[in-house]
Amino acid sequence: NPPKRIDFNTPELQRKRRIRALKDRLTRWYVLVGGLAVLGAITLIFFFLAYVVAPLFQGASLTSRDAITPAWMQDAGKPLMISLEEQNQVAMRVSDKGQALFFDIDSGAELKRVDLPVPAGTTVTSIGEDQPGHPLVAVGLSNGQALVFRHTYKVSYPDGKKTISPAIEYPYGETPIALNESGGALEHVSLNATDSTLMLVGSTGSQLNVLSLTSEENMMTGEITNEQKRIDLPQMTEPVKNIFVDPRQQWLYVINGRAQADVFSLRDKSLNGRYKLLEDGEAQITASTQLVGGISLILGDSKGGLAQWFMARDPDGEQRLKQIRTFQMGTTPIVEITAEERRKGFVALDAAGKLGVFHSTAHRTLLVDQVVEGQGVFGLSPRANRVIVEAGGKLQPLLLDNPHPEVSWSALWSKVWY
């Protein structure tokens, strides 16, 4: 007899096939929905990353507040510098009258006025600051002397209320230091202080005067001895425009003439080189400052250009001043440059009243905005989020939002000179 055929259409097998088909359809939908969910999640992650990363590449923003015309400005003299303290509550203004005036940043109200111990019959002719982040200031006088002071801000909490008490200190005494022995007015002055040595430099015309003040403590008796030593350097023929001392007190940078920098070695007391700063024969250097750390110089010119320079080794191993990168703010002369205290950024103001925000290593121009009419003097807070510009007898407070200036495509993917 032939074998008995199997019946695949029994009710039991039909029920199993229906269940299997249902499971197959459900599995197909599970896989489809799961795959789409994974793709959707990855897409959302990309959108989230873009949402988080995109602000890193955005520029800075500036918010202007109402201009202030404080009563004290009528007899306050010409401003030489404006400085803001850490908490963004108190600012200091030093004038050519030899006064340091502290005022409230928000209201402009006068908080304290200090008359600097300037000898009778002399006037303040110049001012210089230590590198960014160091509150040491020197004022040059019309009799060839220089006075060094420090501005401090003590925070206290009387009756539970936060109070900032500004003060002026004289770490090298209240008696001005004779810098130019011939008595000529100091047209420019600069300084740098370490734990043991103050390097003080002034100029009159093309004449340089360099003085080193060293303090030594006797480990046995605790007695402190002070020594003054003059450093004779090769003299120049062009009038000086600005002076900067390297924080290691190795190099002295002298901006002079139309667009020239003379670099002196303070250790060898010799000229390292004379460097041409601009190729354009019709342009000249109009403003300059040191970046945080004091190694780099930022130079602004009469055609709205800015450039970063610092000492680097040539192929022959010699240290030379080199141009590292350039920026273009506009077409009007740069009148003031101030460096940030904690980042490699800086802020510049031109003669037309435009404010520019830049970052050196990222090679970014983050903002150029009109803030005042005409030339002014400004101060930048240590946190680099507040700016005060004085122009036309008014104070213009500004809020600066610049959280990520150091990020750029060139900084991420190209070689960067620090």
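**Exercise 1.** Which side chain of opposite charge is nearest to D350, and how many Å away is it?

*Solution.* The model is predicted: local features need pLDDT of at least 70, side-chain atom pairs count only at pLDDT 80 or more, and totals for chains, interfaces and linings use all residues. Residues are numbered from 1 along each chain as its sequence is written, and side-chain values use heavy atoms, with hydrogens and water left out.

Step 1. D350 is buried (under 20% relative accessible area, 1.4 Å probe, protein chains only).

Step 2. The nearest side chain of opposite charge is K354, 5.8 Å away, and D350 has no salt bridge (a side-chain nitrogen of Lys or Arg within 4 Å of a carboxyl oxygen of Asp or Glu).

**Exercise 2.** Find the backbone nitrogen atoms that the side chain of D350 reaches.

*Solution.* Step 1. One belongs to A352, at 3.0 Å.

Step 1. Another belongs to K354, whose backbone nitrogen lies 2.8 Å from a polar atom of the D350 side chain.

**Exercise 3.** Describe the open sheet that contains β4.

*Solution.* Step 1. The order is β2-β3-β4-β5, with antiparallel pairing (two strands pair if DSSP finds at least two bridges between them).

Step 1. β2 (79-84) and β5 (110-115) are at the edges with a single partner strand each, so one side of each has no neighbour in the sheet.

Step 2. Between β4 (residues 99-104) and β5 there are five bridges, and Q99 stands opposite D115 in β5.

How values were computed. Buried means under 20% relative accessible area, exposed over 50%, partly exposed in between (1.4 Å probe, protein chains only). Lys and Arg count as positive and Asp and Glu as negative; His and the chain ends are not counted. A polar contact is a pair of N or O atoms within 3.5 Å; within protein, one must be able to donate a hydrogen and the other to accept it, and residues adjacent in sequence count only if both atoms are side-chain atoms. Helices (H or I, at least four residues) and strands (E, at least two) are DSSP runs, numbered from the N terminus.
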